[in-house]
Amino acid sequence: MNKRLLHAILIATVIVIIASCSDRLDMEDATHALLVGFDLDKENELILYSTSPVFSKNVEKKTRELRVKPQTNRQSRGKQDSYTEGVFQGRSIQVLLLSKRILQQENWFQLTDVWFRDPKNPLTPRIIAFDGPLSEIIYLNPKDQPMLPILLREMVETKNARSETVKTTLQGLHQQIREKGVTPIISEVRLKDKQIAITGTTLLDHKGKYADSLNMQETILLRILQKNTKKSVNLTIPIPGEMKIGPFHTDKVSLNADEIKVKIKTSFLKDKFQFHMHITMRVGLSELLFPFDVRSQGKELENKITEQVQMNFENLIKKIQTDKIDPIGLGLYAQAHEYSHFKKVEDHWGETLANADIHVSVKTIIGAMGTVK
Amino acid sequence: MKKYTLNEITFMQYILLNFGMVVSIGFLSLPRVLAEQAGTAGWIALIIVWVISIVASLIVIQVMKRYPDGTLLDLLSMYLGKWAGKAGAVLFALYLFYYGYTGLVYTILISKQYLLQQTPDYIIMLLLLIPTYVIVRNGPRILGRYVEVIILLSLWIPFVYLIPLKDAHWLRLLPVLKEGWKPVFAALPYTLYYHIGFSTTFILYPFLKNKRKAAAGIVISYTLTMLMYLFITVICFVYFSPDEILEYNEPTINVLKAIEFKFISRIEVLFIAFYLLIFSLSWIPTMYMSVFCTTWLIGKQDHRNHLRLLWLFIAVGTYFFMPTFFQSERMNTLLGQIGFVVEYLVPGCLLLYVWIHDRLGWRKHL
């Protein structure tokens, strides 16, 4: 009897203690931001936008957009709190939007410190650059599309699967900024006739400052060089010498490349880094806009494609070298194979790479021509 | 003579007890410490320390073989006299208590940081101490089973750590020795601190069912430790850049932050909740052994009364004093240094003494 009573008291105490954990948060009392956006106004003052879903029957609009002018990222939480019915939460941020004005600053990345320091925050929001002031896209709310955070997240997700953009999360960006042999690369969104569109990627320099933009095809090529393609990738290239008839681009051929193999050789000669890249890909023809007898003249077409693809790669590399950045990650190769030379230049690797000799040689093999001759 | 046979532990339990105690909390911060000292060559230090640890633990076994039916305390009092045994018991009990307390404090700080930011420390301490009491009051056999269950339940964890590998750059490990051998040797002492915990043998040896396998057991358990540490360290090294890894206190947790499923975000929270079970391996066995020493001191068999006292002391003490993060860090380092003396130096001297002792036939008093 006595022992039972003791047990009962013990269990009761435990239940009371556990139930009184002070960290409880009820769903009704929380406002979850799904999107956070950074921008600068004309006086170069930080503006922070957020989009959060509204769960209420009587409200017609499903999201709530907020705009505050805090001094720091963490301080914005208090300011946003005063506009919402619940406690403002950063735990389920899906997307971090950055305006071009923000990206033109050098040390904007420091703003994200709170997300790393406070472990309650996720490090998985996708980083997306927006070409223009954020107010244009945040308040757009098109009626025929899901809410902006979900739309952007899914866009990045599906385009990344086709290698047309990159999926850089907050943690990924941190990693790319801190790595000396790589420069960051993030997704890019633009407004085209009031429609939201993913246009490729934005390249940043070592300090997170805007360097250049790549369209979708260039992004695919870049990801091939990164050895980071998923599934097969689509390329559309012009074949010189073919006629362009009427308004249609009838000189184009579309390819479906899979089994892409990239070999990168690194050496250091004559005070310069040398990179030799050998890219072998097996392509399938998916579209041919000019008459061509692939069956009998396949070799010829193969050579023309090889030449064009190689040119595309060379242009991309030239672009990167002029921007003095290294989104491919050649610095990692330099570090692994020529450590002593890399060590001397690691703090300004971008400039070193701009002077390096990078050779590309492409080999394409037509593996399939489709069901049409 | 056999006074501990009632509570035998199996070969498997012995291996896992050692392994669990060594690895329990070390694996969270080890990759950062290695990276701080030796950069990406830090993993080599793990292999060197593995050899050292095996040698040291084999010495412990050699010592214990001299008196297979008693603990270290019995052995001390046989060779050095009653008072030496008592002094040994007090020091060893303090050491083990400190070991367990450090583990507890670290666990509370981690769970407070990641899970329960607003819950007071003493409540978390109470929540951890209740199951501890339930297990520790039962003795080595239950202890062994508990460790076995926890390790078996945790077998899936390494597989999850393979997921972040898709974003990893293996090139980061090259060249293997970036700055030569010097940093690797500089990392050795720090790595050694993460390998203490085989002192379990001092107390558990007489409980071991098959003593001839003890040496094999300790080698297996250290090999497991080495593989586990190596696995975690290499994953952190290829995932984070060499400069970035220094920025995180517990890179092992930050690696998990990259994992994302459609139905759950912040997966690392689940892991930390689960890790509490693994962390518990650092204080549950030590707490048992600590009260075992004190009970031995007064010559009794039932350790439960001392356990209750210790329990109350920790619970009430936490209400008044809880170390901060920096203090906990210092406690960990100090534990490593003390552990190095207790587990590497003392057994060596002891073996030497015992050997000379037996050689010269000083065993009159037996």
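View 1. The contact draws 32 residues from chain A and 36 residues from chain B, where contact means heavy atoms within 4.5 Å. A quick word on what you are looking at: this is a predicted model, in which local features need pLDDT of at least 70 and side-chain atom pairs count only at pLDDT 80 or more, while totals for chains, interfaces and linings use all residues. Residues are numbered from 1 along each chain as its sequence is written, chains are lettered from A and ligands numbered from 1 in the order in which they are written, and side-chain values use heavy atoms, with hydrogens and water left out.

**View 2. Chain A as a whole.** Step back for a moment: chain A has 12 helices and 14 strands. Both kinds are DSSP runs numbered from the N terminus, helices being H or I with at least four residues and strands E with at least two. Its C-alpha atoms fill a box of roughly 95 × 60 × 55 Å along the principal axes. Of the 373 residues in chain A, 50% count as buried; buried means under 20% relative accessible area, exposed means over 50%, and partly exposed is in between (1.4 Å probe, protein chains only). Among contacts in chain A with a separation of 6 or more, 65% come from residues 24 or more positions apart.

View 3. Helices H1 (2-19), H6 (148-161), H7 (170-178), H10 (330-337) and H11 (339-345) of chain A each supply at least two residues of the side that touches chain B. H10(A) gives the largest share of that side, five residues. Sorted by class, the side of chain A that touches chain B has 12 nonpolar, eight polar and 12 charged residues. For that sorting, Ala, Val, Leu, Ile, Met, Phe, Trp, Tyr, Cys and Pro are nonpolar, Asp, Glu, Lys and Arg are charged, and the others, Gly among them, are polar.

View 4. Three salt bridges cross the interface of chain A and chain B; each is a side-chain nitrogen of Lys or Arg within 4 Å of a carboxyl oxygen of Asp or Glu. Look for B:Asp243 and A:Lys180, whose closest N and O atoms are 3.4 Å apart in a salt bridge. These two belong to a network of salt bridges that links A:Lys180, A:Lys343, A:Glu346, A:Asp347 and B:Asp243.

**View 5. Around helix H6 of chain A.** A:Arg153 lies in helix H6 of chain A and is buried, at 11% relative accessible area. Beyond its neighbours within four places in sequence, A:Arg153 is in contact with A:Gln94, A:Val95, A:Arg126, B:Glu260 and B:Lys262. A:Arg126 also meets A:Glu157 in a salt bridge, 3.0 Å from N to O. A:Glu157 is in helix H6 and A:Arg126 in strand S7 of chain A, so this pair ties together parts 31 residues apart in sequence. A:Arg126 is buried, with a relative accessible area of 1%, while A:Glu157 is partly exposed at 22%.

**View 6. Strand S11 and its partner.** Strand S11 (residues 233-238) of chain A has a covered face, A:Val233, A:Leu235 and A:Ile237, and an uncovered one, A:Asn234, A:Thr236 and A:Pro238. In a regular strand, side chains alternate between the two faces of the sheet. S11(A) pairs with strand S12 (residues 252-269) of chain A in the antiparallel sense, over six bridges; strands pair if DSSP finds at least two bridges between them. Within S12(A), A:Leu255 is the bridge partner of A:Leu235.
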